[in-house]
Structures are given as C-alpha cells and as structure tokens.
Amino acid sequence: MSIEAPLFLLALPVVLLPFLIRWIRPPRPLSVAFSQMRILDKVLRRTVPMRRINPWLLYLIRMLAALVLVLLPLGIYLAAAGRGSGRAAVLFLVDDTFHARTRTEAGSSLWDCYRGIVSTRLDGLPLASSAALLGWSGRRLEWRGPSELKKALGQMPPTYGREDWLGVKQGIRALRRSRSQSRMELVLVSSGRAGEPSGLEQALMQLSEEDRLEMVSVGEKLLGNYSLRARVLPRKGGALVAGDISPPAPGVAASAKLVLRSPSGQTAQQQFEISAGKAAPIYWEVAGEGFAQGVLSLDLQDGLELDNSHYFTAEAGRELRVMLLDQKSSRERLKDAGYYLREGLKVLEERGVLNLDERDPRDWRGLLGAPADVAVLHDPPFLSDEEAAALLSFANSGGDVVLVAGPETDPETMDKRLGQALPAALKEIQKTDCRLAPEGEWGRRCPRMMATPFRLRWLFYRLAPGARVILSFQDGVPFWICVPLGGGRVHLISTPFQLAWSDAVVVGDFPRFLQEMVSALSSPLRRGRGAIAIRMGEPFPRDFSSVRALMGPQPADLDEAGAAPGLYRCVLQDGAEVVLPCNFDPGVEEARSPIGEPRKKGGLSAPPSGRIRLDAACAVIFGLMLLAEAGYLLAKRSVPLS
Amino acid sequence: MELDLAKEVLHLVDRMAFVPRIRTRDVLAGRHKSPRSGTSTDFLEYRDYSPGEYAGDIDWKASARLDRVLVKRKEHAGLIQNWLVLDGSSSMAFPSPESSKYRMQVILAGVISHLLVAQGDSVGLAMEKEAAAFVTFPPKRTREGVTEIVRDLCSYFPRNSSSSVIGACRFISGRLRRPAVVWVMTDLDSEPSTLMEAAGTLVERGHEVRLFHLVHPYEEDLPWKGNCLFQDLEYAFRDRLLHPEHLAALYREIYKEHVACVSEGLGSMGAAFQRIDVTSPLEDILPLIFSEQ
C-alpha cells in the first residue's frame, strides 16, 4: 500500500495545534462582578437563539474535519486495493522510427499496424489502469488512462529519426520514477526487426525482475523502405563514397544501386546487396576526376517511386573517424603520456561523436588508405620518412592530420620530415602561466578549460604560408595552428594533454574541449554559402559532400501559425546550410547532431493530466479547516479591560 | 470602610440649602412652610374675627378699610423630617470596594445629613442590610446623630446581600406619621414596577420622594470584550459566560428602557428622579442632589 498524497502527512501535526493552544494558553475568561445581571438576563433571553448558532457552526466544521479524517484513509485503502488486484501499469515500447513508415502489402503502414495493436491492448485495460508509450526514437507519452493514451496515439505520427536507445533507457527510468511504479508491464511492439541489438538489449536492462516483458510483432509482409547515409569524400584520382544503407525490416532483402554522377556527366554505379535485417555498409572507391564533386543518387530497383512515404535520404551525419597514433609509453595507465587524450577520445566515441581507431604509429602502411577522417599523432619522438610520407598522403587525400607536440617531440625531425606541410616550426618548450583565450564557442562550452592555466607549452616560429591560428593563448601565442594541404589539412597543437603540462586534462569539461576540437576538425574553416532547398528524395547537388548536422525547424522557419513550412536546415561539412524538406510534424522533438548534443524542439510528451486528485484536495481542505479553527481559538482569547 | 467627610467635602454644601416641596405639619418652629398659621413674619391671609379670638391679631388698618373686623394670619415655619432610604444590596458594591456605588452612597448620605441638620431639619436612616433585616435611625437634628449614621454605614459593606431598597421604602412608609422628605438612593437593580409601587405609596401619603439613581458608567456601556464570566454580586447561580461585545448594543438599549421606565413612572406620580454618576466629582453631583425638580 502506498499513500497517494504523501504530502498530506505534513498536515497531520496541525491536528495537535488546537490542543497545544489550549494546553499552553487555556482560555481563561475575565471575571467581572456585575451589578446589573437582571438586565443582562433580559438581553440574553432575547439573543439566545443567535448565540446558539455559532457553536453549531463550529460543531459542523469539526464534523466535516472528522469525516475527512475517516474518508482519506479509506480512499487510500481502496486505491491500494485496486492497485493490488494485479493490473500494473502498462508501458508500450513502440518502434516509431522511420521504419514505422514502411508500407505493408495490405496498403497500410507499419505504424498503423502498431497503433492497432496498442489500441486493442488499451481497450482491454480497466478504466482505472495507467498506460504510457515510449517510442524507440526516445519520445514518450506520459502515464494516463487507457482511453486518453489511445486518443493521443491516434494523433501521433512516426518520426523520421533513428533509434535512440539512450533516450529509451532514460525514458523507462523517468516513467518508472514519475509513477513510483514498482512493477511495470512492458509491451514491445515492432516489426520484428531487432534494430541495433545491443541498443535494445541495453535499453531493456532497465527492467527489473518484477517487470513483465511481452514482445509483439507485426506479421504483415512489408514493402521497401530504406535509409541511406552516405557522403562523398575526395580521394586522389577519384572519390570515396562512404556510408550505409539501412533496411526497413527483417526478412526484406533487396538490391540497391548507388549512382554517382560527376559534373562532366560521367557516371559510376555500384550495386549493393542488402541482407535481411542488416545495414549494408558502403565503402565505394570511385576512380576518375571530378567525382569528388559528384551527385549521389540511389536506385532501389523495385519500381517504386521516390516519394516521401518510401525513401528519404535525410540523415544525421555519421561520426568522425579518428585514428589515434600513439605508442603507449608506460604500462601504468596514469603514467602513459597519451592516457588523457586516449580516454577523452574514448568518451567521445561512447557518445557517438566519433569512431576511434587506435594504431601503432609505426604502422605507417596501415595509415595509407585507412578509412579515417582524422589522424592524430600524439607526441611523436621520431618520424621516419615513410611515416611522414604516409601522413602527408593522408592529408592530401582529404584527411586531417593532427600533430600534438609534446616533451618527446623533436623539432628538427618534424621540420625535416614535414617541411612546409608543418603549419609552423617548433622552437622550444616554454614555462608559462597562461590560459587559453576563450573565443566564441570555446569560452561558452568549455569555461573551466579556458580558465585553467598551462604550465608548459611549445613556442612556434616561422608560420607556413596559409597557416591559420584556430586557438591561441591569452598572450597571443598560438595553441592550435592549421594549414591546408591538398584536400586536407595539417594541424599542430602546442601542448600535449598531460598532467605535467596543465591541469586542464582533469577539469570537468576536458572531453567537451576535445569534442569542440573534433567539431572544428569536421568542418571547414570557410563559411558563407547560401541555403539551397532540396526536395526529399532528390540527390544532393554537386557541392555537397555530406550532412554534418541536422537541426529541426528554427523559430525563424516557422510561419505565423507556428507550423513548420515543410523545410528544415542542414549544416553540411563544408559549412553550408541546406534547407531540406521537413516532413516532421510541427513541434517534432529531436534531430541528432553527431557533433554536440541532440537538439530538441517541442516535444510529444502529453501535458500532465488536469485531474484534481480527490485525496490531495481533501488534505488541503482539512488542513485549512484546522488552521481556521486554530485561528478562531486564538481570537477568542480574553482581553482585559484597560 | 474608612470614610472621612472632611471639611473639604462638607464645605461644598455650606452655601447650599434644601427647600422641600411638601409643607411640614411639624408644630416646632423651623424653616419650612407649614399648613398651620403661626408666629412667623410671613403674611398668610386675612380672616374675619371670631368672638373669643385673641384681639391682638386684629389688623385695624385693614379692618377700617374694609369696614369689618379682620384678623391677619401669619405663616407657621416648621421643621421637616428627612429620611434617607439607602440601598444595601450587594449590587451597590460595584465596581470595587474602593470605588463602589455604596461608598458614594454613604458620602452623599453624610453630606445630605450634614446640610439638613445644619438648617435645622432632622435626618433619619432606613436601610435593609439583609432580607427583612433593617437598620434604622430615628430622625435627629444633631451632628452627633449624623455622625452615628455615617459611622454605622461605614461599618457595613454590602456582600452577598439580597436586600432591596424597596423593602426599606415599605418599612418606613408604614411608620411615617407626618409628611417627610424621603431620599431614596438606589442603583435600580430591582423591578421597576415594584419600585414604583413602593415610591407611589410614599407619595400618596404625602411624602416627597427624591430618588437618586446611582450608576457607574460601566453599568451603562458594558465595555468589556472577549470571553468574560459575569458573576452576579447577589446570586451565585446567576453567573454567565459571555462575549459582551456581541451584546453591548442590545444591553444599552434595554438598560435605557429600564431607567426611562422608572424615571417616567416616578415623574408621573410627582416624585423626583435624578441620575448620579458615581465617577463624577462631588462638586458636580451635589448641586444635582439639592436642585429643585
């Protein structure tokens, strides 16, 4: 049994108040030896009927208070009895991702099937039951009655997003907390595809032993529905198309053809076989000049038209692939020079910001053609010709090479091996007490990092032509310099991420600082492109390589009625903003950016129920009545005649 | 009760005089008019001479004028009896022994007695201390008599007494043989009809009744607030626990009706009624006592 209004317990001491008042200050009337009692009796004879009203009124108030005292526990008992009859709260875990838009052979969509299943279940629940809905995209409908949930579900479309298992985990926890539920019945409604198994399993680990899990799948045959995530990267002598195609549902295998059309009209095609229930990775190297600026399109060869019900190419950008080239200097973790950087990048990998690949820096062969976007060389003591050549080749091919200078770094070797590719020559290690200059987003997102002084730093000199300072110290000494090289860039950072050089590695926002660095690495330094509208389903125009981030409709995009006009913005890797057709409903809540935090706009959580709880109302009324009586007793204290 | 009618108090009445309305039938010579003709210098009337009368009373000038023998009759100035009828009920103890209505009553009784004795009148006292237990002093014209009265009054303080001034009025009305001035002092804590009946009996028998209503302002206003236990000074079982502020307005109204009933009733039968505020200074009270009404 639980008390539905535990705050009522705070009002219980008020019951003692009248007794305390009477005990501490018993009402002693003023004694008056009066001479005209004869006349006073005449007065009393005339006023007796009126005097008798007040005590009755007080008696009525007391009876009402006693009635509340009796009814309240009774209400609690009945509520507990009802709850103990076996109907726990029911939580529907429904696949509301883009897969839910898959059509069935019968002509409806998976989402309609899911809704039907949930509605049928809700109809079978008692009226007093509570039910909630949690989508795989992370959005949720809070606890409410079965009929209310059914109504809200009827107005809720699926999203265009992907699964958010972290959101699902948090949703289960939040729903359990909001209801103080000790036991839940979980109904998993999907098409039978497991999505990312580890994600779903981890989400379901939020369930306790008392919870009951039921899995319901749709038995309909499904038609095609795919999600393409791809980008075209320039490579020497050609381009690289990297990404994946996600299938709609298990049991659906298909073929897909990617077509890359260069500005000169050349086309390249690649067939992909998509296995049932698995995303097909795309790593397609295209030879030929001009393809780096090519247009990518998808042909699924199933005769279906490219419309918004079936195909869409709008996707959140993939994680940045970071290759860490760092040789462990010590077996003891904290004494390893690259410990903090490695751990920081691992945190970002867990967050889905990047994809980390750790390699031995001496494996220079593996560096060539590696599927990476950024190669980080941490405090290299030595750089051979082959290693230097591999790095430069990587940069020329469009990758970012990040050299983190440290105590072991040999300036002469760097200068000799990398030459003009190095953004600046390393001069010497200097003792300092300087902090980084908090420019723009750096200061806002990493304030503690900006406020922590550095003890040691490398001084640069002789900046290479075209080099740019991305971040500097407050005294103007560069911290991070970059120079373009071929299709990519070479970066130089003046301090390693070691405790001996700065306490910045142990401040709370060090991972955020790394994330900002990764964000800066994944975007070009130039800005200023105009927005271009693209219809859903159309291939990306030539100047776009990939989608870096998705943002939901911004306030400036909404019309006067507050509705999204059907467009949303994308910020591409080269910094351009793209306005894409927005098929999200107004107020859709989430679009994930690989860099930074998920952006949420609006929400589909249902507003809290406006039902006033009878027990809480009784507690409030009872408390007020007791306070009124206490005030009445206090006011009746006698006042001596002065 | 300690009381010293010092000269500071008594001198206030030195220049006062009391002239009753009734005519005395006292044969003794005094200041007040008497229905008898006597040896006063005040002319009363002319009357025909009857044989055998004292020839010295013949007014020869008037007789010569009117051509018949006339006798001049002069007024007879006689003495008048005064009776103090005091209220010895417990209600006179209000509000406190130091400032009670009874104390003021005794002071007034002493002052009145002093004045009357000074002008040659006699003063007696009647008071009911307990039910049917009266204390009386026959009228005397001496200061010692006044002192004795005052001393006796001071030796008594009304407590738990259910006596009434009505009883004293009835007591003396059966004993008075000649017209007298009856000075009644009471706080009107009795039934108006009964009081007026007693006063009316005295008036019918030719006595002059002067009733003084001794009142404390608290009795008229009922100024208390809050939870009050009103204890009857006379009867213990008449205690009442009240909130007087809720009843004050109605109480004042009924009290006024009560007093008006008595005053109008007494006025209609020719008795005098005067309200005396016991908290007022004596300089203000005494002119009211002896004023003609």
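Of the 642 residues of chain A, 49% count as buried in this predicted model. The accessible surface of chain A comes to about 31,400 Å², and carbon and sulfur atoms account for 54% of that area. The chain holds 16 helices and 28 strands. If we look at contacts in chain A between residues at least 6 apart in sequence, 71% of them join residues at least 24 apart.

Read across, the order is β4-β3-β2-β5-β6, and the pairing is mixed. Strands β4 (140-144) and β6 (212-217) of chain A stand at the edges; each has a single partner strand, so one side of each is left without a neighbour in the sheet. On average, neighbouring strands of this sheet are turned by 15° against each other, direction ignored.

Now let us follow strand β2 of chain A, which spans residues 89-94. On one side, β2(A) pairs with β3(A), residues 131-135, in the parallel sense over five bridges. Strands of a sheet pair through backbone hydrogen bonds, whether parallel or antiparallel.

How many of the six residues of β2(A) are buried? Six of the six are, so the strand is largely enclosed by the rest of the structure. In a regular strand the side chains alternate between the two faces of the sheet. In β2(A), A:A89, A:L91 and A:L93 lie on one side, while A:V90, A:F92 and A:V94 lie on the other. All of these residues are buried, and both faces of the strand are covered.

Helix α6 of chain A, residues 146-154, lies across β2, β3 and β4 of that chain. Its direction is at about 160° to β4(A). Helix α7 of chain A, residues 165-179, lies across β2, β3, β4 and β5 (184-190) of chain A, and runs at about 15° to β4(A).

Let us turn next to the surface of chain A. Which residues make the nonpolar surface patch of about 790 Å²? They are A:L16, A:L17, A:F19, A:L20, A:I24, A:V620, A:L624 and A:L627. Helices α2 (17-24) and α16 (614-635) of chain A each supply at least two residues of the patch. Helix α2(A) gives the most, with four residues. One of the patch residues, A:V620, is found in helix α16 of chain A. At 51% relative accessibility, A:V620 counts as exposed, because the cut-off for that class is over 50%.

Our last stop is in chain B. B:T186 is found in strand β7 of that chain, which covers residues 180-186. Is B:T186 buried or exposed? Its relative accessibility is 0%, so B:T186 counts as buried. Leaving aside residues up to four places away in sequence, B:T186 touches B:D87, B:Q105, B:V165, B:L211, B:F212, B:H213 and B:L214.

Methods:
Residues numbered from 1 in each chain as written. Chains lettered and ligands numbered in written order. Predicted model: local features only at pLDDT ≥ 70, side-chain atom pairs only at ≥ 80, totals over all residues. Heavy atoms only, no water. Pairing = 2+ DSSP bridges. Axes fitted to C-alpha atoms, helices over the stretch in contact; angles between N-to-C directions. Contact = heavy atoms within 4.5 Å. Patch = residues over 30% accessible without salt bridge, like charges linked within 9 Å, V, L, I, M, F, W, Y side chains within 5 Å. Areas by Shrake-Rupley, 256 points an atom, 1.4 Å probe, with all protein chains shown as cover. Salt bridge = Lys/Arg side-chain N within 4 Å of Asp/Glu carboxyl O. Buried < 20%, exposed > 50% of the residue type's maximum accessible area, 1.4 Å probe, protein only.
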